[in-house]
Amino acid sequence: SAWLVLCAFLCVPSFLGPHRARPVSSRIALNAGFQKDEDRVEYMESPFGQAMGWLAKALSESPLNDAKISFAKMQAGDYDEEAAQKKLEGYIGGDKVVMFSFSKCPFCIKAKKELNDMGVPFTALDLDQMDQEGKELRAELAKKTKRTSMPNIFIAGEGIGGCNDGPGLMTLKKEGKLEPMLKEAGAI
């Protein structure tokens with residue numbers, strides 16, 4: 001099962017070198033105790049980081065995804081869903097490129113770096129820095145996109161997924177579809 005694979009990865013011994021799994025917060029796979037954004041991106045591009053990305057994608061395509069969506073909603077607690085949904089739609093429609101992210105997530109950092117390197121102006125909302133509003137927006141994003149992972153990127157109001165999935169920013173770039181999409185949106 002996916003949980004067995006996750007446990008195996010988190011219990012990998014020290015031969016993983018400087019990126020070995022450490023007991024940290026609930027985002028072990030994404031943060032792994034790193035202090036610098038460059039280290040998070042390097043980790044994401046390592047074989048271990050790639051495996052964790054694959055695992056996250058597999059979980060998002062499994063029946064466990066409904067549980068992840070429920071968990072995001074539970075974290076938000078009681079809130080005005082209609083107001084949060086309006087706020088979410090306002091953010092999505094408020095710029096040509098909008099990224100919902102977590103401040104220390106290596107996939108989010110990579111996506112931000114890619115857009116910056118391309119000279120694309122975008123709005124980034126780090127949900128983990130937005131207190132209750134961030135939790136509410138994440139719950140509404142999960143309902144809207146069926147994804148709880150970050151980043152969650154929109155171009156001209158259309159969800160493109162994350163960094164590598166859904167199809168994802170990097171996938172679209174590799175396929176030669178990202179730049180035309182950004183041009184059509186008037187973002188470049």
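Helices, of at least four residues, and strands, of at least two, are DSSP runs numbered from the N terminus. On that basis, this predicted model contains ten helices and four strands. Along the sequence, these elements follow the order α-α-α-α-α-α-β-α-β-α-β-β-α-α. Of the 188 residues in the protein, 41% are buried.

**Overall contacts**

- Among contacts between residues at least 6 apart in sequence, 60% link residues at least 24 apart.

**Nonpolar cores**

- In soluble globular proteins, nonpolar side chains tend to be buried together.
- The largest nonpolar core in this model comprises 32 residues, and Val97, Phe100 and Leu127 have the most contacts inside it.
- At least two residues of this core come from each of the helices H6 (81-93), H7 (106-118), H8, H9 (169-174) and H10 (178-185), and likewise from each of the strands E1 (97-101) and E3 (152-155).
- Beyond residues up to four places away in sequence, Phe100 touches Leu88, Tyr91, Ile92, Leu125, Leu127, Leu141, Met150, Pro151, Asn152 and Phe154.
- Another core, of five residues, lies apart from the largest one; its members include Tyr43, Met52, Leu55 and Leu59.

**Packing of H5 against H8**

- Two packed helices are described by the angle between their axes and the distance between the axes.
- Helix H5 (residues 64-76) packs with helix H8 (residues 131-145) at an angle of about 155°, and the two axes are 8 Å apart.
- Because angles over 145 degrees count as roughly antiparallel, H5 is roughly antiparallel to H8.
- The crossing of H5 with H8 is left-handed.
- On the H5 side, the contact is formed by Ile69, Ala72, Lys73, Gln75 and Ala76; on the H8 side, Gln132, Lys135, Glu136, Arg138, Ala139, Ala142 and Lys143 take part.
- Classified by residue type, this contact of H5 with H8 has five nonpolar, two polar and five charged residues.

- The relative accessible area of Ala187 is 8%; because buried means under 20%, Ala187 is classed as buried.
- Ala187 and Asp95 are separated by 92 residues in sequence, while their C-alpha atoms are 9.0 Å apart in space.

Notes. Residues are numbered from 1 along each chain as its sequence is written. This is a predicted model: local features need pLDDT of at least 70, side-chain atom pairs count only at pLDDT 80 or more; totals for chains, interfaces and linings use all residues. Side-chain values use heavy atoms; hydrogens and water are left out. Axes are lines fitted to C-alpha atoms, for helices over the stretch in contact, and angles run from 0 to 180 degrees between N-to-C directions. Angles under 35 degrees count as roughly parallel, over 145 as roughly antiparallel, 65 to 115 as roughly perpendicular and the rest as oblique. A crossing is left-handed if the near helix is turned anticlockwise from the far one by less than a right angle, and right-handed if clockwise. Contact means heavy atoms within 4.5 Å. Ala, Val, Leu, Ile, Met, Phe, Trp, Tyr, Cys and Pro count as nonpolar, Asp, Glu, Lys and Arg as charged, and the others, Gly among them, as polar. A nonpolar core is a set of buried Ala, Val, Leu, Ile, Met, Phe, Trp, Tyr and Cys residues joined through side-chain atoms within 4.5 Å. Buried means under 20% relative accessible area, exposed over 50%, partly exposed in between (1.4 Å probe, protein chains only).
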